Amino acid sequence: MTQTTVEETAAIKAAFAQFPSGVAAFSAMVDFTPEALVASSFTVGVSLEPPLVMFAVQNSSTTWPKLRQAQRLGVSVLAEGQEAAALQLASKTRDRFAGLDTSVSDSGAVLIDGAVLGFECEVVSETPAGDHAIVVLEVKATTINLETKPLIYHGAAFRQLAA
């Protein structure tokens with residue numbers, strides 16, 4: 001295995017940042033406490049039968065070991081205007097849920113109110129992939145908010161779709 005230089009790592013990060021993506025929050029109640037992580041690596045349509053989605057999580061995440069214990073995860077695809085919520089939910093030092101409106105399912109999946117899409121999911125598999133793990137989730141329930149547009153992450157910044 002070859003060692004990547006700092007310059008090569010920066011170039012790869014810059015290249016990856018040019019691919020626009022949505023911003024998804026993965027959250028659940030774990031031991032009666034809401035937990036969350038945010039990822040821009042969320043992909044829908046992995047499979048229709050059964051309905052599968054996936055995302056990648058850093059191996060260094062301290063939240064994922066907690067979330068993977070949950071019966072079900074809430075996946076909220078954040079909407080325009082939820083930039084502050086994305087930063088708060090991704091924070092390592094702030095109360096991730098302070099002031100946020102959420103809904104909790106009977107199985108403990110937490111969804112962020114006002115998101116474009118909400119999925120209630122169960123973990124199907126987790127596969128090592130370099131410094132991340134690829135997590136495949138089976139969709140058990142969906143909510144769609146047709147009144148808003150998705151928040152976009154591109155060029156290491158939040159963006160909005162043009163009219």
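Visitor: What makes the link between the side chains of Glu120 and Ser105 a polar contact?

Guide: In this predicted model, the side chains of Glu120 and Ser105 make that contact at 3.3 Å. The cut-off for such N or O pairs is within 3.5 Å, so the distance qualifies. The Glu120 side chain also makes a polar contact with the side chain of Arg72, at 3.1 Å.

Visitor: Why is Glu120 called buried?

Guide: Its relative accessibility is 13%. Buried means under 20%, so Glu120 counts as buried. Glu120 lies in strand S9. Among the residues it touches beyond four places in sequence are Leu73, Ser107, Ala109 and Val139.

Visitor: How do you know that S6 and S9 pair?

Guide: They share 5 bridges, in the antiparallel sense. Pairing takes at least two bridges, so S6 and S9 pass. Leu73 has Cys121 in S9 as its bridge partner.

Visitor: Which residues have the most contacts inside the largest nonpolar core?

Guide: Phe26, Phe42, Phe55, Trp64, Val75 and Leu137. This core has 22 residues. A second, separate core of 10 residues includes Ala36, Leu78, Ile112 and Leu151.

Visitor: Which residues is Leu137 in contact with, beyond four places in sequence?

Guide: The list includes Phe26, Phe55, Val75 and Cys121.

Methods. Residues numbered from 1 in each chain as written. Predicted model: local features only at pLDDT ≥ 70, side-chain atom pairs only at ≥ 80, totals over all residues. Heavy atoms only, no water. Core = buried A, V, L, I, M, F, W, Y, C linked by side-chain atoms within 4.5 Å. Buried < 20%, exposed > 50% of the residue type's maximum accessible area, 1.4 Å probe, protein only. Contact = heavy atoms within 4.5 Å. Helix = DSSP H or I, 4+ residues; strand = E, 2+ residues; numbered from the N terminus. Polar contact = N/O pair within 3.5 Å; in protein donor to acceptor, adjacent residues only side chain to side chain.
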